[in-house]
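Please keep the sequence and the model in view while reading.

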Amino acid sequence: MQQQRKAAWPLVLASALACALAACGGGGGGGGGSATTTPPVTTTPTPPATGGGTTTPPASTTYDAGVTRLAALAAFPMGVAVGGGNEDRSLPKTPEQQTIVKKHFSQITPGNIMKMSYLHPAADTYDYTQADELVNYAAANGIAVHAHTLIWHSDYQVPTFMKNFSGDKAAWLAMLDDHVTHIASHYAGKVASWDVVNEAMADGGGGYRNSLFYQHTGADFVEHAFRAARAADPKALLYYNDYNIEWDMTKLQAVTDMVDGFKTRGVPIDGVGFQMHINMDFPSVGTISAAMKKVVDRGLKVKISELDIPINNPNSAAYKSGDIKTTYTLDLGLQQKKRYCEVVKAYMDTVPASQRGGIVVWGVDDPSSWLIQAAFNNKHADWPLLFDGQYHDKPALRGVADALTGQACTAN
Ligand code: GLA
């Protein structure tokens, strides 16, 4: 499986990478101010890798965030994405990560191993081995699971049998319903929530992405997936999840239009996940708040589902002119602390307590971040997360804690 996964990475994911790159660029119609004015990058993406990032050296400073347990400061799930199975730095084989996860987080999101091709590799084959290991680990340690994701267009995660599937629209919908029903039934009672559909909307507005699923079913596959998930697991919260919707208001409009249609037709949905692969200088917290408010106003939960904030912004003018941070310093860490704090504060200020679906940081320790490979092409290090490569606290951890406890956001 490991080899298969590695081989599959190069095929990955214009979409998720576009999110990191476009978000970096400040090219979107966010409406809020950005320090960066360059347009989004359009270069060929490189693969993301939850569990990769071998070029990141340990951070050069140590810092005690003075946080006993992050999750204890939040009345909502405080989550982190983790690797599973044989992935690099996966939770089961990294005891140092286990220590952090148990200490600070109340929820995990399996970063990869609950995606389509892992769980449903062939038409009649479901393989739950690696995902079950993580789900069982979580249960044994009193940690909830936000499951990710039942339907995702990304080429490397669409099982081959689906790519080769022939059938009319009704047959496609039946096949996808079956997929959702099998998996959601297997995990019924064991997961708190699902990203039912990930990234169904096109970048820059215009409605649905022209995915394989869309080509065969129109938009109906989304509604079908939500109905099938609710039927299979009535207690799990059901989320729609997407990137850039914290600043691309035309894309967000497509999401809220979908939600409005769901309400009219009685399609079950509990919340919207804002991935939030964002940057130090983009988007503004005003923009983020305005975006979240549109979901709040519809009565749904808002989840920050994949938060990371790299030090370098690969699409900024500074970066392009060669101002690349290749060494982590305490000063950079403190600036990042302020940014993490401001983003979490925006969430707290905008989303009423009853609608907070939680916050998920996309990875435990810096070297495990997908961005090292995806945004920076393995050319240099970065430090997007709350813990460094030696599993030490970073100031960013303090920044999240400060926001959760109503403290001022400062860079000291
Ligand atoms: C997207 C997906 C995630 C993950 C990240 C990159 O945001 O939703 O599952 O693949 O890209 O790690």
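Contact here means heavy atoms within 4.5 Å. Helices (H or I, at least four residues) and strands (E, at least two) are DSSP runs, numbered from the N terminus. This is a predicted model, in which local features need pLDDT of at least 70 and side-chain atom pairs count only at pLDDT 80 or more, while totals for chains, interfaces and linings use all residues. Residues are numbered from 1 along each chain as its sequence is written, and side-chain values use heavy atoms, with hydrogens and water left out.

**Overall composition**

- The chain has 15 helices and eight strands.
- Of its 412 residues, 61% count as buried, where buried means under 20% relative accessible area, exposed over 50% and partly exposed in between (1.4 Å probe, protein chains only).
- Among contacts between residues at least 6 apart in sequence, 81% join residues at least 24 apart.

**The barrel**

- Eight strands close into a barrel in the order β1-β2-β3-β4-β5-β6-β7-β8, and the pairing is parallel; two strands pair if DSSP finds at least two bridges between them.
- Neighbouring strands of this sheet are turned by 25° against each other on average, direction ignored. Axes are lines fitted to C-alpha atoms, for helices over the stretch in contact, and angles run from 0 to 180 degrees between N-to-C directions.
- Strand β2 (residues 107-110) pairs with β3 in the parallel sense over two bridges, and Ile-108 stands opposite Val-145 in β3.
- Helix α5 (residues 129-140) lies across β1 (78-82), β2 and β3, and runs at about 180° to β2.

**Helix α7**

- The 18 residues of helix α7 (residues 169-186) should span 26 Å at 1.5 Å a residue, and the end C-alpha atoms are 26 Å apart, which agrees. The expected span is 1.5 Å times one less than the number of residues.
- Buried residues in α7 are Trp-172, Leu-173, Met-175, Leu-176, His-179, Val-180, Ile-183 and Ala-184.
- Seen down the axis of α7, these buried residues fall within an arc of 160°, so they line one face of the helix; the arc is that of the directions from the helix axis to the C-beta atoms.
- The partners against which the buried residues of α7 pack are α4 (116-119), β3 (144-152), α6 (160-163), β4 (193-198), α8 (212-217) and α9 (220-232).

**His-148 and its surroundings**

- His-148 is found in strand β3 and is buried, with a relative accessible area of 1%.
- The side chain of His-148 makes a polar contact with the side chain of Asp-195 (2.8 Å). A polar contact is a pair of N or O atoms within 3.5 Å; within protein, one must be able to donate a hydrogen and the other to accept it, and residues adjacent in sequence count only if both atoms are side-chain atoms.
- Not counting residues up to four places away in sequence, His-148 touches several residues, including Thr-109, Trp-194, Asn-241, Glu-306 and Trp-362.

**Backbone details**

- The peptide bond from His-148 to Thr-149 is cis, with omega near 5°, and Thr-149 is also found in strand β3.
- A cis peptide bond, with omega near -10°, leads from Phe-282 to Pro-283; Pro-283 has its place in the loop between β6 (271-274) and α11 (285-296).
- Asn-244, in the loop between β5 (237-242) and α10 (249-265), has a positive phi of about 65° although it is not a glycine. At 4% relative accessibility, Asn-244 counts as buried.
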